[in-house]
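Reader: I have a new structure open and would like to learn how to read it, feature by feature. Could you take me through it?

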Protein chains: 2
Amino acid sequence: MYNPAHFTEADQAQIEALMHDNPLAALVAMTGGGLDANHLPLLRDGEGFLGHVALANPMHEQVADGAPVLAIFRAGQGYVSPNWYPSKAETHKAVPTWNYQVVHVHGRITWSHAEKDKRRAVALLTARHEKAVNGAQAWKMGDAPADFLDDLLGKIVAFLIEVDRIEGKSKLNQNRSAADVAGVAEGLAGQGNAALSAAMRRDGAPKG
Amino acid sequence: MYNPAHFTEADQAQIEALMHDNPLAALVAMTGGGLDANHLPLLRDGEGFLGHVALANPMHEQVADGAPVLAIFRAGQGYVSPNWYPSKAETHKAVPTWNYQVVHVHGRITWSHAEKDKRRAVALLTARHEKAVNGAQAWKMGDAPADFLDDLLGKIVAFLIEVDRIEGKSKLNQNRSAADVAGVAEGLAGQGNAALSAAMRRDGAPKG
(Lines give C-alpha, C1' and ligand atoms only; values in the text may rest on other atoms or scores of the structure.)
Protein backbone atom coordinates (compact mmCIF):
# COMPACT_ATOMS: atom_id res chain seq x y z
CA MET A 1 0.00 0.00 0.00
CA TYR A 2 1.22 3.46 -0.86
CA ASN A 3 1.65 4.92 2.61
CA PRO A 4 3.55 8.23 2.82
CA ALA A 5 5.01 9.10 6.21
CA HIS A 6 2.40 11.72 7.13
CA PHE A 7 -0.41 9.18 6.63
CA THR A 8 1.30 6.15 8.19
CA GLU A 9 -0.45 5.13 11.39
CA ALA A 10 2.32 4.72 13.94
CA ASP A 11 0.10 4.16 16.98
CA GLN A 12 -0.08 0.38 17.53
CA ALA A 13 -2.99 0.74 19.95
CA GLN A 14 -4.91 2.64 17.28
CA ILE A 15 -4.17 -0.10 14.73
CA GLU A 16 -5.41 -2.81 17.11
CA ALA A 17 -8.49 -0.74 17.97
CA LEU A 18 -9.37 -0.33 14.28
CA MET A 19 -9.27 -4.10 13.73
CA HIS A 20 -11.20 -4.74 16.95
CA ASP A 21 -13.91 -2.25 16.07
CA ASN A 22 -14.11 -3.19 12.36
CA PRO A 23 -13.57 -6.96 12.37
CA LEU A 24 -15.11 -7.78 8.97
CA ALA A 25 -11.99 -8.11 6.83
CA ALA A 26 -11.62 -8.67 3.11
CA LEU A 27 -9.36 -11.74 3.12
CA VAL A 28 -7.48 -11.71 -0.16
CA ALA A 29 -5.39 -14.48 -1.71
CA MET A 30 -4.03 -15.48 -5.08
CA THR A 31 -5.51 -18.72 -6.42
CA GLY A 32 -5.12 -20.73 -9.60
CA GLY A 33 -8.24 -18.91 -10.81
CA GLY A 34 -6.82 -15.46 -10.04
CA LEU A 35 -7.22 -12.95 -7.22
CA ASP A 36 -9.90 -13.96 -4.72
CA ALA A 37 -11.40 -12.29 -1.66
CA ASN A 38 -13.85 -13.40 1.00
CA HIS A 39 -15.42 -11.21 3.66
CA LEU A 40 -14.93 -12.70 7.11
CA PRO A 41 -14.87 -11.48 10.70
CA LEU A 42 -11.36 -12.01 12.07
CA LEU A 43 -10.33 -12.22 15.70
CA ARG A 44 -7.02 -11.34 17.26
CA ASP A 45 -5.64 -14.55 18.79
CA GLY A 46 -2.28 -13.99 20.44
CA GLU A 47 0.15 -12.94 17.72
CA GLY A 48 -2.15 -14.08 14.92
CA PHE A 49 -5.73 -13.96 13.68
CA LEU A 50 -8.41 -16.62 13.90
CA GLY A 51 -11.38 -17.17 11.59
CA HIS A 52 -13.48 -19.72 9.76
CA VAL A 53 -15.03 -20.26 6.34
CA ALA A 54 -17.83 -22.49 5.08
CA LEU A 55 -16.66 -25.98 4.10
CA ALA A 56 -18.36 -25.23 0.77
CA ASN A 57 -16.03 -22.22 0.28
CA PRO A 58 -13.35 -23.40 -2.17
CA MET A 59 -10.83 -20.97 -0.66
CA HIS A 60 -9.59 -23.61 1.78
CA GLU A 61 -8.79 -25.90 -1.15
CA GLN A 62 -7.47 -23.23 -3.53
CA VAL A 63 -5.17 -21.53 -1.00
CA ALA A 64 -2.58 -23.91 0.42
CA ASP A 65 -1.36 -24.02 4.02
CA GLY A 66 1.38 -21.41 4.35
CA ALA A 67 0.22 -19.37 1.36
CA PRO A 68 0.32 -15.57 1.65
CA VAL A 69 -2.92 -13.73 2.41
CA LEU A 70 -3.81 -10.08 2.87
CA ALA A 71 -6.53 -9.12 5.34
CA ILE A 72 -7.93 -5.62 4.76
CA PHE A 73 -9.74 -3.90 7.63
CA ARG A 74 -11.45 -0.57 6.98
CA ALA A 75 -12.93 2.00 9.37
CA GLY A 76 -14.61 5.30 8.45
CA GLN A 77 -14.15 6.85 4.99
CA GLY A 78 -15.55 9.67 2.96
CA TYR A 79 -15.17 12.27 0.22
CA VAL A 80 -13.53 15.55 1.25
CA SER A 81 -14.63 18.74 -0.51
CA PRO A 82 -12.07 21.55 -0.92
CA ASN A 83 -14.88 23.90 0.15
CA TRP A 84 -14.37 22.60 3.71
CA TYR A 85 -10.81 23.95 3.98
CA PRO A 86 -10.83 27.50 5.46
CA SER A 87 -7.49 28.06 3.70
CA LYS A 88 -9.16 27.51 0.33
CA ALA A 89 -10.94 30.88 0.52
CA GLU A 90 -7.52 32.57 0.72
CA THR A 91 -5.32 30.59 -1.65
CA HIS A 92 -7.73 28.49 -3.75
CA LYS A 93 -4.92 25.93 -3.68
CA ALA A 94 -7.06 22.93 -2.84
CA VAL A 95 -8.54 19.94 -4.64
CA PRO A 96 -10.87 17.15 -3.52
CA THR A 97 -9.54 14.05 -1.78
CA TRP A 98 -10.79 10.96 -0.01
CA ASN A 99 -10.06 10.25 3.65
CA TYR A 100 -10.08 6.83 5.31
CA GLN A 101 -8.47 4.61 7.93
CA VAL A 102 -7.38 1.09 6.99
CA VAL A 103 -5.19 -1.68 8.34
CA HIS A 104 -3.51 -4.29 6.13
CA VAL A 105 -2.38 -7.57 7.68
CA HIS A 106 0.06 -9.53 5.53
CA GLY A 107 0.49 -13.11 6.70
CA ARG A 108 0.31 -16.80 5.96
CA ILE A 109 -2.80 -18.92 6.42
CA THR A 110 -3.15 -22.39 7.91
CA TRP A 111 -6.41 -24.32 7.72
CA SER A 112 -7.77 -26.68 10.36
CA HIS A 113 -10.49 -29.30 10.18
CA ALA A 114 -9.93 -30.24 13.85
CA GLU A 115 -13.14 -29.96 15.85
CA LYS A 116 -11.40 -28.26 18.76
CA ASP A 117 -10.07 -25.49 16.51
CA LYS A 118 -13.43 -24.98 14.82
CA ARG A 119 -15.26 -24.92 18.15
CA ARG A 120 -12.76 -22.43 19.54
CA ALA A 121 -12.99 -20.15 16.50
CA VAL A 122 -16.77 -20.04 16.76
CA ALA A 123 -16.89 -19.77 20.56
CA LEU A 124 -14.41 -16.86 20.70
CA LEU A 125 -16.18 -15.03 17.87
CA THR A 126 -19.53 -15.49 19.57
CA ALA A 127 -18.27 -14.42 22.98
CA ARG A 128 -16.67 -11.29 21.55
CA HIS A 129 -19.65 -10.08 19.57
CA GLU A 130 -22.61 -11.35 21.59
CA LYS A 131 -21.36 -9.68 24.73
CA ALA A 132 -21.04 -6.37 22.90
CA VAL A 133 -24.58 -6.59 21.51
CA ASN A 134 -26.54 -8.38 24.22
CA GLY A 135 -24.53 -8.07 27.45
CA ALA A 136 -25.94 -10.38 30.12
CA GLN A 137 -28.49 -11.75 27.59
CA ALA A 138 -25.68 -12.84 25.27
CA TRP A 139 -26.43 -15.98 23.24
CA LYS A 140 -24.12 -18.86 24.11
CA MET A 141 -23.25 -21.89 22.01
CA GLY A 142 -24.84 -24.05 24.73
CA ASP A 143 -28.19 -22.41 23.91
CA ALA A 144 -28.38 -24.41 20.66
CA PRO A 145 -29.08 -28.18 20.54
CA ALA A 146 -25.82 -30.17 20.61
CA ASP A 147 -26.60 -32.16 17.45
CA PHE A 148 -27.47 -28.94 15.59
CA LEU A 149 -24.12 -27.41 16.60
CA ASP A 150 -22.22 -30.58 15.67
CA ASP A 151 -23.85 -30.47 12.26
CA LEU A 152 -22.85 -26.82 11.77
CA LEU A 153 -19.27 -27.41 12.96
CA GLY A 154 -19.09 -30.13 10.31
CA LYS A 155 -19.81 -27.48 7.70
CA ILE A 156 -16.98 -25.04 8.48
CA VAL A 157 -13.19 -24.94 8.33
CA ALA A 158 -11.14 -22.95 10.83
CA PHE A 159 -8.02 -21.00 9.96
CA LEU A 160 -5.18 -19.15 11.64
CA ILE A 161 -3.21 -16.31 10.06
CA GLU A 162 0.40 -15.92 11.15
CA VAL A 163 1.44 -12.31 10.75
CA ASP A 164 4.34 -11.18 8.57
CA ARG A 165 3.62 -7.46 8.92
CA ILE A 166 0.83 -5.07 9.78
CA GLU A 167 0.45 -1.66 8.12
CA GLY A 168 -1.92 1.06 9.22
CA LYS A 169 -2.86 4.10 7.16
CA SER A 170 -4.84 7.01 8.54
CA LYS A 171 -5.50 9.39 5.67
CA LEU A 172 -6.94 12.32 7.62
CA ASN A 173 -5.56 15.52 6.08
CA GLN A 174 -2.47 15.47 8.33
CA ASN A 175 -0.73 17.34 5.50
CA ARG A 176 -2.97 20.39 6.08
CA SER A 177 -3.36 22.98 8.84
CA ALA A 178 -5.27 22.39 12.09
CA ALA A 179 -7.94 24.81 10.83
CA ASP A 180 -8.39 22.80 7.61
CA VAL A 181 -8.58 19.55 9.60
CA ALA A 182 -11.27 21.05 11.84
CA GLY A 183 -13.14 22.32 8.77
CA VAL A 184 -13.17 18.84 7.22
CA ALA A 185 -14.37 17.29 10.51
CA GLU A 186 -17.23 19.78 10.50
CA GLY A 187 -18.02 19.21 6.82
CA LEU A 188 -18.13 15.44 7.31
CA ALA A 189 -20.39 15.81 10.35
CA GLY A 190 -22.71 17.88 8.17
CA GLN A 191 -22.86 14.95 5.73
CA GLY A 192 -23.87 12.59 8.55
CA ASN A 193 -20.44 10.91 8.46
CA ALA A 194 -20.00 10.73 12.25
CA ALA A 195 -17.38 7.95 12.16
CA LEU A 196 -14.89 9.75 9.93
CA SER A 197 -15.62 13.15 11.50
CA ALA A 198 -14.75 11.73 14.94
CA ALA A 199 -11.57 10.17 13.53
CA MET A 200 -10.55 13.55 12.06
CA ARG A 201 -11.00 15.25 15.44
CA ARG A 202 -9.12 12.47 17.23
CA ASP A 203 -6.31 11.58 14.83
CA GLY A 204 -6.21 14.28 12.15
CA ALA A 205 -3.68 16.58 13.85
CA PRO A 206 -1.14 17.99 11.39
CA LYS A 207 2.17 16.13 11.22
CA GLY A 208 5.62 17.30 10.37
CA MET B 1 -15.63 -15.26 -3.67
CA TYR B 2 -17.76 -17.95 -2.14
CA ASN B 3 -21.20 -16.89 -3.30
CA PRO B 4 -24.00 -19.44 -2.82
CA ALA B 5 -27.11 -18.94 -4.98
CA HIS B 6 -29.29 -17.52 -2.20
CA PHE B 7 -26.75 -14.75 -1.50
CA THR B 8 -25.79 -13.98 -5.11
CA GLU B 9 -26.94 -10.50 -6.09
CA ALA B 10 -28.72 -10.97 -9.41
CA ASP B 11 -30.04 -7.42 -9.73
CA GLN B 12 -27.64 -5.52 -12.00
CA ALA B 13 -29.15 -2.18 -11.02
CA GLN B 14 -28.51 -3.01 -7.36
CA ILE B 15 -24.89 -3.91 -8.16
CA GLU B 16 -24.35 -0.62 -10.02
CA ALA B 17 -26.04 1.31 -7.20
CA LEU B 18 -23.76 -0.26 -4.58
CA MET B 19 -20.64 0.81 -6.51
CA HIS B 20 -22.08 4.28 -7.15
CA ASP B 21 -22.98 4.82 -3.49
CA ASN B 22 -19.77 3.25 -2.08
CA PRO B 23 -17.08 4.30 -4.56
CA LEU B 24 -14.02 3.84 -2.34
CA ALA B 25 -12.75 0.46 -3.55
CA ALA B 26 -9.89 -1.67 -2.31
CA LEU B 27 -7.95 -2.12 -5.55
CA VAL B 28 -6.00 -5.38 -5.20
CA ALA B 29 -3.20 -6.70 -7.39
CA MET B 30 -0.37 -9.20 -7.23
CA THR B 31 3.07 -7.61 -7.38
CA GLY B 32 6.62 -8.91 -7.22
CA GLY B 33 6.48 -7.98 -3.53
CA GLY B 34 3.27 -9.95 -2.91
CA LEU B 35 -0.40 -9.03 -2.61
CA ASP B 36 -1.01 -5.29 -2.60
CA ALA B 37 -4.07 -3.11 -2.15
CA ASN B 38 -4.73 0.60 -2.44
CA HIS B 39 -7.91 2.41 -1.47
CA LEU B 40 -9.20 4.55 -4.32
CA PRO B 41 -12.50 6.05 -5.41
CA LEU B 42 -13.47 4.45 -8.72
CA LEU B 43 -15.85 5.81 -11.30
CA ARG B 44 -17.97 3.92 -13.78
CA ASP B 45 -16.82 5.01 -17.25
CA GLY B 46 -18.75 3.27 -19.99
CA GLU B 47 -18.03 -0.44 -19.71
CA GLY B 48 -15.03 0.10 -17.42
CA PHE B 49 -13.82 2.00 -14.38
CA LEU B 50 -11.69 5.11 -14.18
CA GLY B 51 -9.37 6.18 -11.38
CA HIS B 52 -6.01 7.68 -10.50
CA VAL B 53 -3.12 7.13 -8.10
CA ALA B 54 -0.30 9.31 -6.88
CA LEU B 55 2.76 9.26 -9.13
CA ALA B 56 4.66 8.34 -5.94
CA ASN B 57 2.49 5.21 -5.57
CA PRO B 58 4.65 2.32 -6.83
CA MET B 59 1.55 0.39 -7.90
CA HIS B 60 1.69 1.87 -11.41
CA GLU B 61 5.23 0.52 -11.80
CA GLN B 62 4.70 -2.82 -10.02
CA VAL B 63 1.48 -3.74 -11.83
CA ALA B 64 1.93 -3.91 -15.59
CA ASP B 65 -0.53 -2.74 -18.22
CA GLY B 66 -3.02 -5.57 -18.76
CA ALA B 67 -2.37 -7.20 -15.37
CA PRO B 68 -5.37 -8.56 -13.46
CA VAL B 69 -6.82 -6.48 -10.63
CA LEU B 70 -9.69 -6.99 -8.21
CA ALA B 71 -11.70 -3.97 -7.06
CA ILE B 72 -13.69 -4.62 -3.88
CA PHE B 73 -16.65 -2.35 -3.09
CA ARG B 74 -18.46 -2.74 0.23
CA ALA B 75 -21.74 -1.31 1.49
CA GLY B 76 -23.33 -1.87 4.93
CA GLN B 77 -22.21 -4.73 7.17
CA GLY B 78 -22.74 -5.94 10.69
CA TYR B 79 -22.87 -8.76 13.22
CA VAL B 80 -26.16 -10.64 13.47
CA SER B 81 -27.17 -12.04 16.86
CA PRO B 82 -29.27 -15.23 16.92
CA ASN B 83 -31.36 -13.49 19.60
CA TRP B 84 -32.84 -11.35 16.81
CA TYR B 85 -34.48 -14.33 15.04
CA PRO B 86 -38.05 -14.85 16.33
CA SER B 87 -37.70 -18.51 15.27
CA LYS B 88 -34.83 -18.95 17.71
CA ALA B 89 -37.20 -18.85 20.71
CA GLU B 90 -39.01 -21.89 19.28
CA THR B 91 -36.27 -24.09 17.83
CA HIS B 92 -33.00 -22.69 19.31
CA LYS B 93 -31.54 -23.71 15.94
CA ALA B 94 -29.64 -20.50 15.29
CA VAL B 95 -26.06 -19.28 15.49
CA PRO B 96 -24.46 -15.85 14.93
CA THR B 97 -23.55 -14.68 11.46
CA TRP B 98 -22.31 -11.56 9.67
CA ASN B 99 -24.32 -9.79 7.00
CA TYR B 100 -22.93 -7.54 4.29
CA GLN B 101 -23.24 -6.39 0.69
CA VAL B 102 -20.18 -6.36 -1.56
CA VAL B 103 -19.32 -6.13 -5.24
CA HIS B 104 -16.14 -7.59 -6.75
CA VAL B 105 -14.92 -6.30 -10.10
CA HIS B 106 -12.35 -8.52 -11.79
CA GLY B 107 -10.58 -6.83 -14.65
CA ARG B 108 -7.35 -5.65 -16.24
CA ILE B 109 -5.71 -2.33 -15.56
CA THR B 110 -4.12 0.10 -18.01
CA TRP B 111 -2.17 3.14 -16.82
CA SER B 112 -2.03 6.51 -18.53
CA HIS B 113 0.36 9.42 -18.09
CA ALA B 114 -1.47 11.44 -20.77
CA GLU B 115 -2.62 14.78 -19.46
CA LYS B 116 -6.03 14.50 -21.09
CA ASP B 117 -6.72 11.18 -19.32
CA LYS B 118 -5.53 12.52 -15.96
CA ARG B 119 -7.57 15.69 -16.33
CA ARG B 120 -10.64 13.68 -17.30
CA ALA B 121 -10.25 11.26 -14.34
CA VAL B 122 -10.02 14.14 -11.89
CA ALA B 123 -12.76 16.24 -13.51
CA LEU B 124 -15.29 13.40 -13.61
CA LEU B 125 -14.52 12.40 -10.01
CA THR B 126 -14.90 15.99 -8.86
CA ALA B 127 -18.12 16.57 -10.79
CA ARG B 128 -19.67 13.39 -9.40
CA HIS B 129 -18.85 14.00 -5.73
CA GLU B 130 -18.87 17.79 -5.47
CA LYS B 131 -22.37 17.99 -6.90
CA ALA B 132 -23.60 15.44 -4.36
CA VAL B 133 -22.07 17.36 -1.46
CA ASN B 134 -22.33 21.00 -2.47
CA GLY B 135 -24.97 21.24 -5.21
CA ALA B 136 -24.85 24.67 -6.86
CA GLN B 137 -21.85 25.62 -4.66
CA ALA B 138 -19.85 22.68 -6.06
CA TRP B 139 -16.11 23.30 -6.33
CA LYS B 140 -14.87 23.20 -9.90
CA MET B 141 -11.38 22.57 -11.17
CA GLY B 142 -11.40 26.08 -12.64
CA ASP B 143 -11.62 27.45 -9.08
CA ALA B 144 -7.96 26.53 -8.50
CA PRO B 145 -5.05 28.42 -10.10
CA ALA B 146 -4.05 26.83 -13.42
CA ASP B 147 -0.37 26.40 -12.47
CA PHE B 148 -1.37 24.77 -9.17
CA LEU B 149 -3.59 22.27 -11.05
CA ASP B 150 -0.91 21.58 -13.65
CA ASP B 151 1.51 20.82 -10.84
CA LEU B 152 -0.96 18.41 -9.21
CA LEU B 153 -1.77 16.69 -12.51
CA GLY B 154 1.96 16.09 -12.89
CA LYS B 155 1.87 14.15 -9.62
CA ILE B 156 -0.81 11.59 -10.54
CA VAL B 157 -1.25 8.67 -12.93
CA ALA B 158 -4.66 7.81 -14.40
CA PHE B 159 -5.88 4.27 -14.98
CA LEU B 160 -8.72 2.44 -16.66
CA ILE B 161 -10.00 -0.98 -15.61
CA GLU B 162 -11.47 -3.15 -18.35
CA VAL B 163 -13.98 -5.53 -16.81
CA ASP B 164 -13.71 -9.31 -17.06
CA ARG B 165 -16.57 -10.04 -14.66
CA ILE B 166 -18.56 -8.42 -11.86
CA GLU B 167 -19.90 -10.40 -8.89
CA GLY B 168 -22.34 -9.10 -6.32
CA LYS B 169 -23.06 -10.74 -2.98
CA SER B 170 -25.88 -9.63 -0.69
CA LYS B 171 -25.62 -11.67 2.50
CA LEU B 172 -28.87 -10.63 4.14
CA ASN B 173 -30.38 -13.76 5.76
CA GLN B 174 -32.22 -14.73 2.56
CA ASN B 175 -31.94 -18.33 3.84
CA ARG B 176 -34.26 -17.51 6.77
CA SER B 177 -37.98 -16.69 7.13
CA ALA B 178 -39.47 -13.25 6.51
CA ALA B 179 -40.06 -12.93 10.27
CA ASP B 180 -36.38 -13.64 11.00
CA VAL B 181 -35.29 -11.12 8.33
CA ALA B 182 -37.57 -8.48 9.90
CA GLY B 183 -36.19 -9.33 13.36
CA VAL B 184 -32.62 -8.81 12.16
CA ALA B 185 -33.53 -5.50 10.50
CA GLU B 186 -34.99 -4.38 13.82
CA GLY B 187 -32.00 -5.63 15.82
CA LEU B 188 -29.56 -3.82 13.53
CA ALA B 189 -31.58 -0.60 13.77
CA GLY B 190 -31.34 -0.93 17.56
CA GLN B 191 -27.55 -1.06 17.19
CA GLY B 192 -27.59 2.15 15.17
CA ASN B 193 -26.72 0.26 11.98
CA ALA B 194 -29.17 2.13 9.74
CA ALA B 195 -27.42 1.24 6.47
CA LEU B 196 -27.56 -2.54 6.90
CA SER B 197 -30.99 -2.43 8.52
CA ALA B 198 -32.37 -0.59 5.47
CA ALA B 199 -30.69 -3.11 3.16
CA MET B 200 -32.32 -5.99 5.08
CA ARG B 201 -35.76 -4.42 4.69
CA ARG B 202 -35.16 -3.71 1.00
CA ASP B 203 -33.25 -6.78 -0.19
CA GLY B 204 -33.45 -9.41 2.55
CA ALA B 205 -36.60 -11.18 1.33
CA PRO B 206 -36.29 -14.97 1.60
CA LYS B 207 -35.26 -16.76 -1.58
CA GLY B 208 -36.11 -20.20 -2.88
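Author: Gladly; let us begin with one residue. Asn134(A) has 15 C-beta neighbours inside 10 Å, so Asn134(A) counts as partly exposed. The general idea is a neighbour count: 20 or more other C-beta atoms within 10 Å of a residue's own means buried, 12 or fewer means exposed, and in between is partly exposed, with C-beta atoms placed from the backbone. Asn134(A) belongs to helix 4 of chain A. Helices (H or I, at least four residues) and strands (E, at least two) are DSSP runs, numbered from the N terminus.

Reader: Which residues is Asn134(A) in contact with, leaving aside its neighbours within four places in sequence?

Author: Two residues are in contact if their C-beta atoms, placed from the backbone, lie within 7 Å. By that rule, Asn134(A) is in contact with Trp139(A), Ser81(B) and Asn83(B), once neighbours within four places in sequence are left aside.

Reader: Before we go on, what kind of model is this, and how are things numbered?

Author: This is a predicted model, in which local features need pLDDT of at least 70 and side-chain atom pairs count only at pLDDT 80 or more, while totals for chains, interfaces and linings use all residues. Residues are numbered from 1 along each chain as its sequence is written, and chains are lettered from A and ligands numbered from 1 in the order in which they are written.

Reader: How many helices and strands does chain A have?

Author: Chain A has seven helices and seven strands, in the order α-β-β-β-β-α-β-α-β-α-α-β-α-α. Its C-alpha atoms fill a box of roughly 70 × 45 × 25 Å along the principal axes. Of the 208 residues in chain A, 42% are buried.

Reader: At what angle do helix 6 and helix 7 of chain A pack?

Author: For such a pair, axes are lines fitted to C-alpha atoms, for helices over the stretch in contact, and angles run from 0 to 180 degrees between N-to-C directions. Helix 6 (residues 178-190) and helix 7 (residues 194-203) of chain A pack at about 165°, with axes 8 Å apart. Helix 6 and helix 7 of chain A are therefore roughly antiparallel (angles under 35 degrees count as roughly parallel, over 145 as roughly antiparallel, 65 to 115 as roughly perpendicular and the rest as oblique). On the helix 6 side of chain A, the contact includes Val181(A) and Leu188(A), and on the helix 7 side Leu196(A) and Met200(A) are among the residues.

Reader: How many residues of chain A are in contact with chain B?

Author: 51 residues of chain A are in contact with 51 residues of chain B. Strand 2 of chain A gives the largest share of the side of chain A that touches chain B, seven residues.

Reader: Where does Asn173(A) lie, and is Asn173(A) buried or exposed?

Author: Asn173(A) lies in the loop between strand 7 (156-171) and helix 6 of chain A. With 24 C-beta neighbours inside 10 Å, Asn173(A) counts as buried. Asn173(A) also has a positive phi of about 60°, although it is not a glycine.
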